Amino acid sequence: MGATPKPARPRGRHFFANPGPTNIPDSVLLATAHHTVDFNDPSFAEVYWGCVEGLKRVLRTTQHVFLYTGSGHAAWEASLVNLLSPGDAILILESGHFSQSWGRMAQEFGLELRTVPADWRRGVEMEAVRAALAADTAHAIKAVGVVHNETSTGLTTPVAAVRAALDATGHPALLLADTISSLGSLDFRMDEWGVDAAVGGSQKGLMLPTGLSFTGVSEKAMRAHAESRLPKHYFRWSAMLQRPLKSFLGTVPTSLFYGLQESLRLIEEEGLDKVLARHSRLAGAVRAAVQRWSGNDGPQLFCLDPSRYSDSVTAVLMPEGGDADALRRVALQRFNLSLGGGLGPLGGRVFRIGHLGDLNEPMILGTLATVELAMRVSGVPHRAGGVEAALDALAA
Ligand SMILES: *Cc1c(COP(=O)(O)O)cnc(C)c1O
């Protein structure tokens, strides 16, 4: 059999609408193209500490930040192994694929996994969280893990409400929050919300290449760290504190820090509040479009609770029998638009539009128009006029 010739890639700019990694601003791309420097050199230390201070401002913390060369999974792992001991119970609040994966990781480290189950389209009920904590009178649960923005379902879980549930029940567990797809795009307040470990990554709201992740760590968590017995080496915070940069046991990915310096500069030049408002505005336009499309038995918003809508990603559920991946293939192969796919059990049923990071109205409108075009040419039932609805939302 002869090889099938590869179809030519469509011309024009590759349009990238995945919820992570995300688009990298040109100035950040250029900044990462920095010549190699000695990471012990004082000129790099200045860049480095500026980045750490900037990250603390985005996390809204004055406490500790430890960084790792690795994607978000590395920071997930670091938050578990630095704080917990074999047999400890961790309570994971279910929200979708990412909460499940974090829970599975905890199990593989020999932790006892407890979950507050949830309908993925609605998220956990806070009453169920309170009940699970109140029932744990022996305080076997040492940590509560919440994914602030569940990237697979486009649904948020209110971290402040989880803090309130811990306080209301007088439960001493540590509060771990995954902010990988919320930092720099949704309101997150580590210190005000009493978060003990805030897990973040470079390639989503921070608009950087993949490969840098970090954990914001509270003083309470540092005390728990001193007692923790899970095996660790590269991620050991107390060993990092002995290093000149108070992080990184190995080589520091210097080029990513030149990029981070620039992305933090962009965020602060725009102003964090305005960055968040822009995400909320663009998200509203995406949801308006999807709600319009949902007529005529078209695709619909996966998240059913408006109070939990994510302003950084929208998951769209295909009509019964529809194939999300076939639609994504048309968008990519004919129109050069990349969309996120469904994760875990949502594979083929859901596609995801990322609206976080370096994004403006023309990019969102271009994406929505192209999704509508792809639906039209592939015969996916929908009510036309999604772009019109988005225009109305943006002009309002
Ligand atoms: C992307 C993501 C992760 C995983 O991060 P990687 O960088 O892919 O390892 C974890 N949690 C959430 C909420 C994410 O969006």
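Biologist: Let's start with a pair of charged residues: in what do the side chains of Asp311 and Arg287 meet?

Modeller: Side chains of opposite charge can pair when their charged atoms come close. Here the side chains of Asp311 and Arg287 meet in a salt bridge, at 3.1 Å from N to O. This pair links distant parts of the chain, 24 residues apart: Asp311 is in the loop between strand E11 (300-301) and strand E12 (313-317), and Arg287 is in helix H10 (residues 272-293). A salt bridge means a side-chain nitrogen of Lys or Arg within 4 Å of a carboxyl oxygen of Asp or Glu. Helices (H or I, at least four residues) and strands (E, at least two) are DSSP runs, numbered from the N terminus.

Before we go on, this is a predicted model: local features need pLDDT of at least 70 and side-chain atom pairs count only at pLDDT 80 or more, whereas totals for chains, interfaces and linings use all residues. Residues are numbered from 1 along each chain as its sequence is written, and side-chain values use heavy atoms, with hydrogens and water left out.

Biologist: Is Asp311 buried or exposed?

Modeller: Buried means under 20% relative accessible area, exposed over 50%, and partly exposed in between (1.4 Å probe, protein chains only). Asp311 counts as buried because its relative accessibility is 18%, and Arg287 is buried as well, at 13%.

Biologist: What does the domain assignment give?

Modeller: Domain bounds come from an automatic or database domain assignment. For this protein they are domain 1 (26-268) and domain 2 (272-395), with C-alpha centres 28 Å apart. Contact means heavy atoms within 4.5 Å, and 29 residues of domain 1 are in contact with 28 residues of domain 2. One salt bridge is counted between the domains: Arg60 meets Asp273 at 3.5 Å, N to O.

Biologist: How much area is buried between domain 1 and domain 2, and what do carbon and sulfur atoms give?

Modeller: Buried area is the accessible area (1.4 Å probe) that two parts lose on being put together, summed over both. Here it is about 2,400 Å², and carbon and sulfur atoms give 60% of this. Arg121, Arg122 and Ser185 supply 27% of the area that domain 1 buries against domain 2, more than any other three residues.

Biologist: Where is Ser202, and what does its side chain reach?

Modeller: Ser202 is in the loop between strand E9 (197-201) and strand E10 (212-217). Its side chain reaches the backbone oxygen of Pro209 at 2.7 Å, and Ser202 is buried, at 1% relative accessible area.

Biologist: Finally, how many disulfides are there?

Modeller: A disulfide is a covalent bond between the sulfur atoms of two cysteines. The rule asks for a pair of cysteine sulfur atoms within 2.5 Å, and the count comes to zero. Cys51 is buried at 1%, and Cys303 is buried at 5%.

Notes: A polar contact is a pair of N or O atoms within 3.5 Å; within protein, one must be able to donate a hydrogen and the other to accept it, and residues adjacent in sequence count only if both atoms are side-chain atoms.
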